[in-house]
Structure formats: structure tokens, C-alpha cells
Amino acid sequence: MITGIDLYHVLSAVVPLYVAMILAYGSVKWWKIFSPDQCSGINRFVALFAVPLLSFHFISTNNPYTMDIRFIAADTLQKVIVLVVLAIWSRTSSRASLEWSITLFSLSTLPNTLVMGIPLLKGMYGDYSGSLMVQIVVLQCIIWYTLMLFLFEYRGARLLIGEQFPDTAGSIISFRVDSDIISLDGKEPLQTEAEIGEDGKLHVTVRKSTSSRSDIFSRRSYGPNSGVSLTPRPSNLTNAEIYSLQSSRNPTPRGSSFNHTDFYSMVNGKNGNSVAGGGYPARMSAGIFSPVAGPGAKKKPNGTDGAKDLHMFVWSSSASPVSEGGIHVFRGGEFGNEHGGVPVDAHPKEYEEFGRDEFRFGGNKHANGGDRDGPSLSKLGSSSTAELLHPKTEANGGSKPTSMPPPSVLTRLILIMVWRKLIRNPNTYSSLIGLIWSLVSFRWGIEMPAILDGSIKILSNAGLGMAMFSLGLFMALQPKLIACGNSVATFAMAVRFLTGPAVMAASSIAVGIRGVLLHIAIVQAALPQGIVPFVFAKEYNVHPDILSTGVIFGMLIALPITLVYYILLGL
């Protein structure tokens with residue numbers, strides 16, 4: 001039976017976290033103490049020092065040789081069950097999409113264990129539950145966040161290949177990615193170049209766009225009485241010159257005028273054309289993705305396009321200038337005054353309209369039967385990439401199938417990008433080093449030198465409070481707490497606080513967990529949405545509105561909901 005003293009212990013452990021969050025919120029929203037740039041600096045500190053050292057402290061002081069195998073098995077089984085269900089749904093339902101599968105997996109299985117879970121569960125069930133939460137943190141950082149990165153990079157690779165090689169993707173046998181590219185998230189314009197070997201297969205090189213080089217333009221002028229002079233780029237093709245035209249006065253995305261099918265036929269001896277150099281492999285520039293122009297780009301006050309370049313096709317939206325420096329809570333991606341990488345006024349009431357209608361994954365229709373303008377939840381929910389995943393053929397308006405490279409080629413590309421993301425993330429190092437140190441120290445009884453231990457503690461002790469403070473700053477910088485509309489928010493909260501704990505309860509019972517350990521498993525699954533999945537969603541522009549609502553609104557209602565679970569399970 002839960003007593004008043006028990007509830008007091010829980011509140012004394014959790015309320016200080018909310019105090020830090022409310023103070024940060026008021027410092028920006030009410031008292032105007034911090035500017036957006038100052039908030040960016042605070043978040044940067046939290047991302048690079050406070051949270052990684054906090055994670056290292058918890059992991060390095062937890063005995064890995066006393067880990068509860070059944071508890072870990074239940075947590076793993078929960079995530080596997082959700083993945084299997086989503087995989088079946090994506091195969092059997094026409095309304096399914098990779099984007100919604102990723103979002104639903106995040107909502108149902110990845111709670112805020114490090115910041116909220118450890119202090120809350122310690123207050124409810126004692127220090128032993130805190131040790132269990134650390135075990136969950138280790139698995140999240142090493143396995144599940146890596147899986148999320150893999151899925152996001154897989155999506156980015158599909159978008160890039162589907163747009164640049166719609167007809168010849170199946171002939172790609174290798175990818176080479178320049179070392180300065182760390183992600184296919186679409187934040188930067190990427191250029192692909194294809195080399196066709198003697199075997200007729202494609203070897204693709206991905207590099208950052210060079211569209212601003214002087215060899216593309218001999219002169220730029222945007223005055224009312226001036227023209228644009230074009231200089232052809234060097235080409236290995238006989239009797240072929242490829243031009244690139246950029247203009248900030250035309251914000252409409254343009255498809256490439258270069259026909260990949262014709263070129264592929266040409267280099268194989270068709271159409272009577274030949275390749276320069278006879279037996280030398282042909283190279284072609286397959287195009288550039290520019291995330292800084294198009295319908296999602298911001299407009300300047302004078303009505304001109306605020307984007308830097310417009311080149312061939314837009315596959316991501318412009319970044320928020322306020323948050324470019326790091327309004328991102330913990331790591332990567334920016335989330336300032338925009339939703340999902342799209343300015344607030346670009347798609348007015350996109351989710352609010354769904355909030356007034358019946359929420360569903362399928363397309364929403366007007367009264368006359370036509371599709372609603374703009375992206376719908378049935379397409380992506382990510383406005384800047386909807387057209388890429390669902391290209392329309394001119395003949396019948398249906399989807400145009402796009403082949404993919406062999407699985408081994410695509411997998412290697414994705415693993416390269418995931419590796420580059422991981423090695424630049426301080427949380428990766430803190431988790432791995434903390435796990436290695438705990439294995440060594442608890443195996444041979446080695447203690448950390450006092451100087452090193454004190455240096456880590458002085459920052460890790462501030463990590464929990466700074467993480468909540470950073471979250472409060474993030475909340476204050478948002479135009480509204482429920483960014484995705486009431487109906488979508490209700491659906492997201494149901495997945496987070498009902499579906500997740502239900503699946504966790506079933507998986508725990510399946511592996512034989514009973515009693516207090518079962519209660520701990522269910523309550524930790526009912527924690528608010530994890531912050532790292534939101535950061536990924538924002539970076540890759542996959543339903544960031546929904547995940548931000550899960551973080552912000554979920555944090556506000558998490559305490560009463562977890563207390564309800566705690567009381568009901570203790571009856």
C-alpha cells in the first residue's frame with residue numbers, strides 16, 4: 001500500500017527537476033533574461049559536457065556484472081515486438097510509411113530514462129531501480145539510438161537515390177562519400193556524380209555541392225536590368241555541355257533537365273553518341289540537392305527568396321537562423337520558431353486542420369473529393385520530402401516505382417554515414433568509455449584517481465539540473481507547447497503513456513517478471529518521451545512536431561501519470 005511518506009519521497013525526488021525547468025522557462029518567456037543566442041550557448045554546454053559526463057558517471061558507477069538479465073530481456077522484447085508489428089503494418093497497409101514507423105517506434109519504446117527515469121524511479125522504488133535504469137540507458141545509447149540512426153540514414157539514402165537515379169538505381173554497385181559529409185539528413189546541398197564503368201554499372205560519388213563555384217557562373221547579377229551569363233561546366237561527354245542555372249528570383253523547385261535514361265542508353269552505344277576518350281569511363285553530374293531553397297525556404301521582408309541557392313531540386317527545408325547555433329537540446333538539429341524545418345506560415349494550420357477532423361493515417365479529402373493541398377499524414381507528415389517519396393506520373397497520377405541498389409551496397413552506404421554520426425557524438429564516447437571503465441573497475445577493484453573523479457563529478461553533478469534547465473529553455477522558445485494539433489497530440493500521448501507500458505507489461509510477464517520488478521518495468525515505460533529521438537527527428541525532418549510535443553507536453557503530464565501508475569500498481 002502506498003503511504004503519504006512514499007508519495008512525499010517521490011515528489012522530493014522529482015519536483016526539483018521541474019523547478020529547474022520552470023525557472024528556465026520563465027527566464028525566457030516572462031523575465032527576458034536570456035536571448036536565443038544565449039540559450040544556444042547553454043544548450044551547447046549541455047550537449048557537449050553536462051549530459052555526456054552525467055551519462056558517464058551513472059554508467060561507470062554501475063556494476064555491469066550484476067545486471068538483471070530478465071529485466072533487460074523484457075525491455076529488448078518490448079522493442080522487438082513493436083518493430084515486428086510496425087514491419088507487418090508497413091507491408092500490409094497502404095497507409096503505412098517508413099516515417100510513421102520510425103515515429104511510432106520512438107513514441108512507444110524510447111522514454112526519457114536518463115534525465116527523468118533515474119531520479120523518479122529511485123524515489124519510488126529505491127536505489128536498486130536506479131541501477132536498472134542505468135542498464136536501460138546503456139542499451140539505449142549503444143543499441144537503440146544506433147538503430148534509430150540507421151533507419152534515418154536509410155530513409156535519407158532512399159530519398160537521394162530515388163531522386164537522383166530514378167531509372168538506373170539498380171545498376172549502382174558502389175558509393176563513395178566524401179569525408180566532409182557526415183549525414184544524408186538533407187541539411188546541406190549534396191551533389192552526386194556517377195561513373196559508368198566498362199561493365200555498364202554505376203559508381204556513385206556523393207560530395208557537397210559546388211554550385212557556388214566560379215566555374216559554374218561567369219557572372220551573377222540580380223538587378224532589374226541585368227542578365228545572367230552562363231559558362232558551361234567541363235564535361236567528359238562529346239557534343240554535350242551541361243549547364244546549371246541558379247537564381248534567387250525563382251523559388252520553384254525544378255526537376256533536372258538531364259535525362260538519366262537517355263544518358264544511360266547513350267553510354268552503352270545507343271542513340272549514335274559516343275563517350276569521349278573511347279574506352280575511358282564516362283562521368284556525369286547527377287544533380288544537386290539543395291535544402292536552402294524552394295517552397296519551404298524563408299522569404300525576406302521585401303518578398304525575395306531568402307535562400308542561398310536553388311539548384312535542380314529541393315529535398316529539405318531551410319534551417320532556423322535562430323537555432324542554427326544550437327537551440328536543439330543536447331545534440332544536433334535545430335528547432336527554433338519553425339515546425340519540422342518549415343516556417344510556421346509556410347503551411348498554415350497543417351496539423352490544426354487534422355485536429356479538427358478525424359485523425360487518420362490515410363489522405364484527407366476536401367468536400368469535392370480532392371486531396372488537401374500540401375502534404376498529408378498519409379504521405380509523410382514531413383512536408384519537405386513528401387513529393388520525393390510519392391512522385392506522381394504525368395499519365396495517371398500514380399506512384400512511380402523506383403528500384404534500389406543491391407542491399408549490400410545500400411547497407412554499406414548507410415553504415416558509413418551512421419559511423420560518421422556516431423564518432424562525432426560525445427554521448428557515444430561517454431557511454432562506451434563508461435561501460436569499459438565499469439567492466440575494468442568492478443572486475444579488478446580499481447578505483448578512479450581522486451583528481452579525475454573530482455573533475456568529472458563537478459560537471460556531472462550539474463548535469464541533471466542543466467538538462468532540465470535546457471529543456472525549459474527549449475520549451476520557452478517554441479511558438480506553442482502543442483505544435484502538432486490536439487488530435488495528433490492525443491494520439492501521440494496515448495502511444496507514449498498507454499501503448500508503451502502495455503507492451504512492456506506483456507513482454508515482462510512473458511519473460512517471467514513479477515512483483516516489484518514488474519512495477520518498475522511498467523512505470524519506466526510510462527516516462528515522458530526521450531529527448532534524443534526528438535533531436536534525430538528534427539535533424540532528419542521526420543515528424544519533429546509530434547516528437548517535440550511528446551517531449552514538452554509529455555514532460556508536463558508525466559508526473560501525474562507516473563504517480564497514477566505508481567499508486568495503482570501498489571494497491
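Helix α1 (residues 4-29) packs against helix α5 (residues 113-125) in this predicted model, at an angle of about 160° and with 7 Å between the axes. Here axes are lines fitted to C-alpha atoms, over the stretch in contact for helices, and angles run from 0 to 180 degrees between N-to-C directions. Helices (H or I, at least four residues) and strands (E, at least two) are DSSP runs, numbered from the N terminus. The two helices, α1 and α5, are therefore roughly antiparallel to each other, a label for angles over 145 degrees. On the α1 side, H9, V10, A13, V14, L17 and Y18 meet V115, M116, P119, L120, G123 and M124 of α5, where contact means heavy atoms within 4.5 Å. Sorted by class, this contact has 10 nonpolar, 2 polar and no charged residues. Ala, Val, Leu, Ile, Met, Phe, Trp, Tyr, Cys and Pro count as nonpolar, Asp, Glu, Lys and Arg as charged, and the others, Gly among them, as polar.

As for the sources, residues are numbered from 1 along each chain as its sequence is written. Local features need pLDDT of at least 70 and side-chain atom pairs pLDDT 80 or more, while totals for chains, interfaces and linings use all residues; side-chain values use heavy atoms, with hydrogens and water left out.

Zooming out, the protein has 16 helices and 8 strands. Of its 571 residues, 52% are buried, that is, under 20% relative accessible area (1.4 Å probe, protein chains only).

Then come the aromatic rings, with 11 pairs in the structure. Rings of Phe, Tyr and Trp (its six-membered ring) pair if their centres lie within 6.5 Å, and planes over 60 degrees apart count as edge-to-face. Y25 and W30 make an edge-to-face pair, 5.5 Å centre to centre with 80° between the planes. Y25 counts as buried, at 18% relative accessibility. Y125 and Y566 have ring centres 5.5 Å apart and planes at 85°, so this pair is edge-to-face. It ties together distant parts of the chain, with Y125 in α5 and Y566 in helix α16 (residues 544-570), 441 residues apart. Both Y125 and Y566 are buried. Elsewhere, Y145, F152, F536 and Y540 form one aromatic cluster.

The loop between α15 (531-540) and α16 holds N541, and H543 is found in that loop too. Most residues other than glycine have a negative phi. N541, though not a glycine, has a positive phi of about 55°, and H543, not a glycine either, has one of about 50°. N541 counts as buried at 5% relative accessibility, and H543 is buried with a relative accessible area of 0%.

Methods
Parallel < 35°, antiparallel > 145°, perpendicular 65-115°, else oblique. Phe/Tyr/Trp six-rings, centres within 6.5 Å; stacked < 30°, edge-to-face > 60°. Buried < 20%, exposed > 50% of the residue type's maximum accessible area, 1.4 Å probe, protein only.
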